[in-house]
Amino acid sequence: MTEALIVIDMQYDFCPGGALAVDGGDEIVPGINALIDEFPAVILTQDWHPAGHSSFASSYKDKAPFETVEMSYGTQVLWPDHCIQGSDGAAFHADLDTDSADMIVRKGFNPSIDSYSAFFENDHETPTGLHGYLQTRGIEQLTMVGLATDFCVNFSAVDAAKLGYDVTVLTELCRGIDLDGSLSAALEGMKGAGVKVV
């Protein structure tokens, strides 16, 4: 009972046709569903932004998506508006087995700070509460799947490894954005942090 599956951001806005679509993002849903039954604990994460979030390019007069700005916590990539609270794009993919989830972690709801990781907001200090939940349940081993490999999966996996978890990322059940080489950098960064990248 010390293992958990973390399914990251399997939402319509990250799937083909969505506001921030990841190529092939919907292809991994059946494989994730097949894996869910193998784990005693399943946690889903959900990007959950208020309209006008500070990470949206539309919140700035002179910025376009995928440009960057400097925030108090460092450099922030600006995204197209996506996963707005209560929108169709923020919903989990309809084919995803959400009924088996023990917990849903919503992130990115603070308008002034983005949140890629399942564990911390982008200041790397403000916790989401997931670590406390996993500790309470005695979970030590985490397997991560979902979207996108080079952002939310990467940040979640690295943070989990820093917190002392035994972390595996199943790349066949992830898909990446690959923004200016971000995918290869993320894979190397995860390995460097001690994450098993399978």
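Buried means under 20% relative accessible area, exposed over 50% and partly exposed in between, with a 1.4 Å probe and protein chains only. The legends below describe a predicted model, in which local features need pLDDT of at least 70, side-chain atom pairs count only at pLDDT 80 or more, and totals for chains, interfaces and linings use all residues. Residues are numbered from 1 along each chain as its sequence is written, and side-chain values use heavy atoms, with hydrogens and water left out.

**View 1. Trp-79 and Phe-151 form an edge-to-face aromatic pair.** Rings of Phe, Tyr and Trp (its six-membered ring) pair if their centres lie within 6.5 Å; planes under 30 degrees apart count as stacked, over 60 as edge-to-face and the rest as tilted. By this rule the model holds 6 aromatic pairs. In the pair of Trp-79 and Phe-151, the ring centres are 5.1 Å apart and the planes stand at 90°. Trp-79 lies in the loop between β4 (74-77) and β5, and Phe-151 in helix α3, so the pair ties together parts that are 72 residues apart in sequence. Helices (H or I, at least four residues) and strands (E, at least two) are DSSP runs, numbered from the N terminus. Trp-79 is buried, at 3% relative accessible area. Phe-151 is buried too, at 10%.

**View 2. Phe-119 and Tyr-165 form a tilted pair.** Their centres are 5.8 Å apart, with 35° between the planes. Phe-119 sits in the loop between β5 and α2 (130-136), Tyr-165 in the loop between α3 and β7; the two are 46 residues apart. Phe-119 is buried, with a relative accessible area of 1%. Tyr-165 also counts as buried, at 9%.

**View 3. Tyr-116 belongs to an aromatic cluster.** Ring pairs link Tyr-116 with Phe-66, Trp-79, Phe-151 and Phe-155. Tyr-116 is located in the loop between β5 and α2. Its relative accessibility is 9%, which counts as buried. Contact means heavy atoms within 4.5 Å. Leaving aside neighbours within four places in sequence, the contacts of Tyr-116 include Gln-76, Val-77, Lys-107, Asn-122, Cys-152 and Ser-156. Tyr-116 and Phe-151 are 35 residues apart along the chain, yet their C-alpha atoms are separated by 6.4 Å.

**View 4. Arg-106 sits over the ring of Trp-48.** A charge sits over a ring if NZ of Lys or CZ of Arg is within 6 Å of the ring centre and within 35 degrees of the ring normal. Here the charged end of Arg-106 is 3.6 Å from the centre of the Trp-48 ring.

**View 5. An open sheet of 6 strands has parallel pairing.** Two strands pair if DSSP finds at least two bridges between them. The strand order is β5-β2-β1-β6-β7-β8. β5 (103-107) and β8 (196-197) stand at the edges with a single partner strand each, so one side of each has no neighbour in the sheet. Helix α3 (residues 149-162) packs on the sheet and touches β1, β5, β6 and β7 (166-175). The direction of α3 makes about 170° with that of β6. Axes are lines fitted to C-alpha atoms, for helices over the stretch in contact, and angles run from 0 to 180 degrees between N-to-C directions.

**View 6. Strand β6 pairs with β1 and β7.** β1 (residues 3-8) and β6 (residues 141-147) run parallel, joined by 6 bridges. Glu-3 has Gln-141 as its bridge partner. Ala-4 has Leu-142. On to β7, β6 is again joined by 6 bridges, in parallel. There, Met-144 is partnered by Val-169. In β6, 6 of the 7 residues are buried, so the strand is largely enclosed by the rest of the structure.

**View 7. Both faces of β2 are covered.** In a regular strand the side chains alternate between the two faces of the sheet. On one side of β2 lie Val-42, Leu-44 and Gln-46; on the other lie Ile-43, Thr-45 and Asp-47; all are buried. β2 (residues 42-47) is therefore largely enclosed by the rest of the structure. β1 and β2 pair in the parallel sense over 4 bridges.

**View 8. Helices α3 and α4 pack with roughly parallel axes.** The axes of α3 and α4 (residues 182-192) come within 9 Å and cross at roughly 10°. Angles under 35 degrees count as roughly parallel, over 145 as roughly antiparallel, 65 to 115 as roughly perpendicular and the rest as oblique. Among the α3 residues that meet α4 are Thr-149, Phe-151, Val-153 and Ala-157. The α4 side includes Leu-183, Ala-186, Leu-187 and Met-190.
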